[in-house]
Protein chains: 2
Amino acid sequence: MPVRILIYEDNINLRESLSNLLSLTGDYQVCASYPDCSGVIMQVKELMPDVILMDIDMPLVNGIEAVRRIRTFNQAVQIIMLTVFDDNTHVFDAMYAGANGYLLKKYISDKLMHSIREVLDGGAPMSPSIARMVITSMQKAEPARDYQLTPREKEILQFLSRGNSFKMIAIELNISLDTVRTHIKRIYDKLHVCSQIEAVSKAINEKLV
Amino acid sequence: MPVRILIYEDNINLRESLSNLLSLTGDYQVCASYPDCSGVIMQVKELMPDVILMDIDMPLVNGIEAVRRIRTFNQAVQIIMLTVFDDNTHVFDAMYAGANGYLLKKYISDKLMHSIREVLDGGAPMSPSIARMVITSMQKAEPARDYQLTPREKEILQFLSRGNSFKMIAIELNISLDTVRTHIKRIYDKLHVCSQIEAVSKAINEKLV
DNA sequence: CTTCCTGTACCCTGATCAGGTGACACATCA
DNA sequence: TGATGTGTCACCTGATCAGGGTACAGGAAG
């Protein structure tokens, strides 16, 4: 049973090239291809593809919005973005929306077949530069400065960050309210803040918890 | 000029296989290989490799800690993790620590050469299942429930989340303190919370800000 | 052995916040 | 036209928090 593929791409030349390319081997069946996503929900429901190749820059409905719409009712279909955009915004929006892969058009010819195979095997085919963007974004998300908090202080700060009042923390940890207050005061000193919210805000944003 | 490669791998058989494999083509020069990371800082400074292949499970100092140590003084060397671990904790810890690629050992023979080339070209070689884990983690990070906050309420909540007191918000927005309080009370209602910290905690964790 | 750090605990004063109630102008929508 | 939603403002009471100080036991480090 061939893999059913659905294509959204507004450039007619590329759309037909893709169709032709995929039809060569016999492993793939392009069940349809459209120049825009205005009917994407109906089309996906109707055609039940295994894989969708999705351009981003299209008239009427862009490819990222289309992915969002598809994901409202179908988590199973594998979606590979196929685009010229390699900026942060497009890449991450597409990922958040629910794409499973992201290929830059300049590398398509080399990688398309392999990528379709990979996404069906539970992978996430990405052009190298895209993969690097993704993991770089994860890395810069943690400077994690060290404020020399003691274990007990970290524990208190965690409770605080989850929304517990001083009183609740005292009960939870089975210590007196004043002890909690003492810890909190020391935390304020070390974090250079002077209120709960500042402390919690700093703790969460700098991943101290 | 061949690519200089440094290997950390405690299994002697694998370590030597890797060395031999990489030496075959002449494009790569294995400048050293070690069974543990106890001297990693000195070794990297001394040998100045272009690429490091890093196992995770090693005696004395594990590979993730070693990556952290390397990144304290060298951002340029490309580090590829080479491991059997495919669980969330190991993968993300390695990425956070500063790895540039992550290959599962079972696929090494196929992909090693290609991955080294890719990481040097600014990519981030990952085994397919790892890549999928990474982008899945990005996706589930945004449920973004809708609490029907009005624009003004979102604005107030943002100020609050940055650590501003009621008084500061009032001054900043040029409205009365009581008005701020009214907005905050309505926010509490909509978010089903009853204190600043709960609200801020919820706002940050659910990406309402 | 003494100093320093950590965790514990108490007290006091003034500031800030929570929860409730009430009010009014303006806009939209039915 | 009336209902509803939004943004504005006010007052009151009790709870909670901030900032200051003081104290002491136990452990680590010098």
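This is a predicted model: local features need pLDDT of at least 70, side-chain atom pairs count only at pLDDT 80 or more; totals for chains, interfaces and linings use all residues.

Analyst: Residues are numbered from 1 along each chain as its sequence is written, chains are lettered from A and ligands numbered from 1 in the order in which they are written, and side-chain values use heavy atoms, with hydrogens and water left out.

User: What makes E1 and E2 of chain A a pair of strands?

Analyst: Strands (E, at least two residues) and helices (H or I, at least four) are DSSP runs, numbered from the N terminus. Two strands pair if DSSP finds at least two bridges between them. Strand E1 (residues 3-8) of chain A is joined to E2(A) by six bridges, so the pair meets the definition. One example is A:Ile7, whose bridge partner in E2(A) is A:Ser33. In chain B, strand E1 (residues 3-8) and E2(B) also pair in the parallel sense, over six bridges, and B:Leu6 has B:Ala32 as its partner in E2(B).

User: Why are E2 and E5 of chain A said to stand at the edges?

Analyst: The open sheet of chain A has five strands in the order E2-E1-E3-E4-E5, with parallel pairing. Strand E2 (28-34) and strand E5 (101-104) of chain A each have a single partner strand, so one side of each is left without a neighbour in the sheet. The twist averages 20° from one strand to the next; angles run from 0 to 180 degrees between N-to-C directions, and axes are lines fitted to C-alpha atoms, for helices over the stretch in contact.

User: How do you know that chain A and chain B touch?

Analyst: Contact means heavy atoms within 4.5 Å. By that test, 38 residues of chain A are in contact with 38 residues of chain B. The area buried between the two chains is about 2900 Å², with 63% from carbon and sulfur atoms. Buried area is the accessible area (1.4 Å probe) that two parts lose on being put together, summed over both. A:Arg132, A:Met138 and A:Ile197 supply 24% of the area that chain A buries against chain B, more than any other three residues.

User: How many salt bridges are counted between chain A and chain B?

Analyst: The count between these chains is zero. A salt bridge needs a side-chain nitrogen of Lys or Arg within 4 Å of a carboxyl oxygen of Asp or Glu. Over all chains, a search of the whole structure finds 14 salt bridges.

User: Why is the contact of A:Glu153 with A:Lys190 called a salt bridge?

Analyst: The side chains of A:Glu153 and A:Lys190 meet at 2.8 Å, N to O. That value lies within the 4 Å limit for a Lys nitrogen and a Glu carboxyl oxygen, so the name applies. The pair links distant parts of the chain, 37 residues apart: A:Glu153 is in helix H7 of chain A and A:Lys190 is in helix H9 (residues 177-191) of chain A.
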